[in-house]
Amino acid sequence: MVTVKEIKKVENSKGEEFFGLIVQSGAMAVKSKTTGRVYLTAKTAFVATTFDEETASSLIGVEFEGTIRKVPTLPYEYTIEETGEVITMTHRWEYVDPALELEEQVVEETLVM
């Protein structure tokens with residue numbers, strides 16, 4: 001499950017504004033590469049929508065089936081807001097709806113036959 005935490009106004013490549021949702025996974029345990037200690041975290045992802053601001057805002061707090069997974073990307077620079085540090089990233093976090101993934105698998109299997 002993921003929970004809608006906030007909305008975000010963004011601009012597409014044509015300069016048109018739209019609203020997206022920031023969704024967050026449940027808590028998960030991870031191990032620090034530096035210290036080896038376990039800590040809890042939650043992953044977030046941006047999901048584009050066709051909703052106006054009022055509709056998008058009404059979804060804050062709503063839970064949806066799905067997960068957030070790590071997707072490899074070409075390297076890009078990312079600025080950590082809290083510290084201003086610029087780091088190089090090679091992945092992004094993406095929301096995945098299990099029903100849509102299952103639908104894609106069924107279509108692929110049908111095409112093979």
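Modeller: Let's start with a definition: two strands pair if DSSP finds at least two bridges between them. Helices (H or I, at least four residues) and strands (E, at least two) are DSSP runs, numbered from the N terminus. This is a predicted model, where local features need pLDDT of at least 70 and side-chain atom pairs count only at pLDDT 80 or more, while totals for chains, interfaces and linings use all residues. Residues are numbered from 1 along each chain as its sequence is written, and side-chain values use heavy atoms, with hydrogens and water left out.

Colleague: Okay, so in which sense do β3 and β4 pair?

Modeller: In general, strands of a sheet pair through backbone hydrogen bonds, either parallel or antiparallel. Here β3 (residues 28-31) and β4 (residues 38-41) go antiparallel, over four bridges. Met 28 faces Thr 41 of β4 across the pair. Their hairpin has six residues between the strands, and Gly 36 there takes a positive phi near 80°.

Colleague: And what is the order of strands in the open sheet?

Modeller: It runs β5-β2-β1-β6, four strands with antiparallel pairing. The edges are β5 (44-48) and β6 (63-64), each pairing on one side only. β1 (residues 2-11) and β2 (residues 17-25) share nine bridges, and Lys 8 sits opposite Gly 20 in β2.

Colleague: Which residues make up the largest nonpolar core?

Modeller: A nonpolar core is a set of buried Ala, Val, Leu, Ile, Met, Phe, Trp, Tyr and Cys residues joined through side-chain atoms within 4.5 Å. Buried means under 20% relative accessible area, exposed over 50%, partly exposed in between (1.4 Å probe, protein chains only). The largest one here has 10 residues: Val 2, Val 4, Ile 7, Phe 19, Leu 21, Val 23, Ala 45, Ala 56, Leu 59 and Ile 68.

Colleague: What is Val 2 in contact with?

Modeller: Contact means heavy atoms within 4.5 Å. Leaving aside neighbours within four places in sequence, the partners of Val 2 include Val 23, Phe 64, Ile 68 and Tyr 95.

Colleague: Is His 91 buried or exposed?

Modeller: Buried, because its relative accessibility is 16%. His 91 belongs to β8 (residues 86-96). Beyond its neighbours within four places in sequence, His 91 touches Lys 70, Val 71, Pro 72, Thr 73 and Tyr 76.

Colleague: And where does Leu 100 lie?

Modeller: In helix α2 (residues 98-112). Leu 100 has a relative accessible area of 47%, so we call it partly exposed. Its C-alpha is 9.7 Å from that of Gly 66, 34 residues apart along the chain.
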